Amino acid sequence: MTEQITNIRQQLDQLARMTQTLKEVKVEKGPGIHIMVMSDEVADCAKSLLYSKAHMGKFLGILKQEIVKNPASDPKDEPNNIYFPDVARACHEANKSYCESIGDTSQVSWDDAQDWQKESAIAGVKFLFENPETTPEGQHAAWSKDKIADGWSYGEVKDAEAKTHPCLVPYDQLPEAQREKDVIFQRTARSFFTPYANEGTRKTVADIEPTSDKTEFKEEDWGSISHIERIDVIRSGIGAVCKDILALKEEETTLAGKIHTTSSYNHACEARFAIGFELERIRNNG
């Protein structure tokens with residue numbers, strides 16, 4: 001079963017990467033200057049895929065009993081089998097998408113981020129897990145405390161070598177866009193700590209279902225197909241992985257296994273709905 005879960009996680013990761021290439025929304029940065037970013041629908045799909053992958057990671061951790069059997073690990077590092085790096089990745093990518101939506105393209109992907117950036121995000125996730133009632137202001141204060149302890153200080157430009165950062169100021173002095181990043185970070189992380197909930201905003205499948213899904217696809221064809229065809233490929237892939245997750249869910253007998261496979265399945269379904277909404281957005285925009 002561990003091999004099945006690993007394969008599902010790899011599929012979800014690949015689908016998330018493919019989704020993150022769908023940058024078809026033009027954002028003006030200035031007179032005659034624009035950038036292309038993901039639509040909200042595409043960003044929702046990518047985040048849901050990462051959430052689904054994270055829950056598969058939790059399930060894999062339970063099966064391997066890593067926390068119990070590995071004496072070198074501290075149980076506090078991954079309480080309740082929550083794999084903090086996966087949560088931190090989702091938070092990082094959510095904030096990256098937000099930054100791109102407001103014209104800031106300076107944020108790199110999680111895979112391209114430096115170790116200090118990843119460690120900072122993971123520390124933020126751990127802090128929120130251990131202090132679930134903390135506010136965005138409290139989150140910022142904890143981040144600032146860690147940065148200062150690591151030798152960082154205020155500077156107008158973020159510089160890893162000089163260890164300067166423009167956000168090392170009291171929360172009420174942060175620009176609104178920076179305060180919003182703390183809100184997004186907490187909202188994304190908390191989705192891993194609480195049961196999945198449908199917000200009740202989705203339309204019927206009949207409204208978003210395309211006429212057909214592609215069943216065969218070669219990676220070398222990705223650059224030669226249209227945006228809509230890419231969406232069909234991704235929806236087809238998500239549909240296939242949903243079936244694999246559902247099969248695992250039906251086989252699993254433990255409560256923890258049921259919880260994580262159900263959460264993974266729900267998030268994967270949410271991703272498929274979200275990418276369907278991208279088709280609706282395209283149709284409505286003519």
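**Confidence, cores, salt bridges and helices in a predicted model**

The structure is a predicted model; the protein averages a pLDDT of 78, and 80% of the residues score at least 70.

Reader: For residues 195-216, how many contacts beyond four places in sequence does the model have?

Author: Across residues 195-216 the pLDDT stays under 50. The number of contacts beyond four places in sequence that the model has for this stretch is 29.

Reader: Which element gives the largest share of the largest nonpolar core?

Author: The largest nonpolar core holds 34 residues, of which Leu49, Met56 and Ile238 touch the most other members. Two or more residues of this core come from each of α1 (2-19), α2 (40-64), α9 (227-251) and α10 (255-284). With 9 residues, the largest share is that of α2.

Reader: Which residues does leucine 49 touch, not counting those up to four places away in sequence?

Author: Leu49 is one of the residues that touch the most other members of the largest nonpolar core. Leaving out residues up to four places away in sequence, leucine 49 touches Leu12, Leu15, Ala16, Thr19, Ile238 and Ala271.

Reader: How many residues make up the second, separate core?

Author: Among the members of this second core are Phe84, Ala88, Cys91 and Trp110. The core is separate, and its residues number 11.

Reader: By how many residues in sequence are the parts tied together by arginine 89 and aspartate 111 apart?

Author: The side chains of arginine 89 and aspartate 111 meet in a salt bridge, at 2.8 Å from N to O. Arginine 89 lies in helix α4 (residues 84-101), whereas aspartate 111 is in the loop between α4 and α5 (115-130), so the parts that the pair ties together are apart in sequence by 22 residues.

Reader: How far apart are the closest N and O atoms of lysine 96 and glutamate 100?

Author: Lysine 96 and glutamate 100 both lie in helix α4, 4 residues apart, about one turn of the helix. Lysine 96 is buried at a relative accessible area of 13%, and glutamate 100 is buried at 7%. The two form a salt bridge in which the closest N and O atoms are apart by 2.7 Å.

Reader: Which residues do salt bridges that share partners join into one network?

Author: The count of salt bridges comes to 10. Those that share partners form one network, joining Asp13, Arg17, Lys53, Arg89 and Asp111.

Reader: What separates lysine 47 from aspartate 44 along helix α2?

Author: The side chains of lysine 47 and aspartate 44 meet in a salt bridge of 3.8 Å, N to O. Lysine 47, at 21% relative accessibility, counts as partly exposed, as does aspartate 44 at 29%. Being 3 residues apart in helix α2, the two are separated by about one helical turn.

Reader: How many of the 18 residues of α4 are buried?

Author: Helix α4 reaches 26 Å from its first C-alpha to its last, close to the 26 Å expected at 1.5 Å a residue. Just after α4, glycine 103 takes a positive phi of about 90°. The helix is largely enclosed by the rest of the structure because, of its 18 residues, the number buried is 16.

Reader: Within what arc do the buried residues of α5 fall, seen down its axis?

Author: The buried residues of α5 are Gln117, Lys118, Ala121, Ile122, Gly124, Val125 and Leu128. On the other side of α5, Asp115, Glu119 and Glu130 are exposed. Seen down the axis of α5, the buried residues line one face of the helix because they fall within an arc of 155°.

Reader: What is phi of lysine 163 near?

Author: Lysine 163 is found in the loop between β3 (153-154) and β4 (164-165). At 27% relative accessibility, lysine 163 counts as partly exposed. Its phi is positive, in a residue other than glycine, and is near 55°.

Key
Residues are numbered from 1 along each chain as its sequence is written. Side-chain values use heavy atoms; hydrogens and water are left out. A nonpolar core is a set of buried Ala, Val, Leu, Ile, Met, Phe, Trp, Tyr and Cys residues joined through side-chain atoms within 4.5 Å. Buried means under 20% relative accessible area, exposed over 50%, partly exposed in between (1.4 Å probe, protein chains only). Contact means heavy atoms within 4.5 Å. A salt bridge is a side-chain nitrogen of Lys or Arg within 4 Å of a carboxyl oxygen of Asp or Glu. The expected span of a helix is 1.5 Å times one less than its number of residues. The arc is that of the directions from the helix axis to the C-beta atoms. pLDDT is the predictor's confidence in each residue, from 0 to 100.
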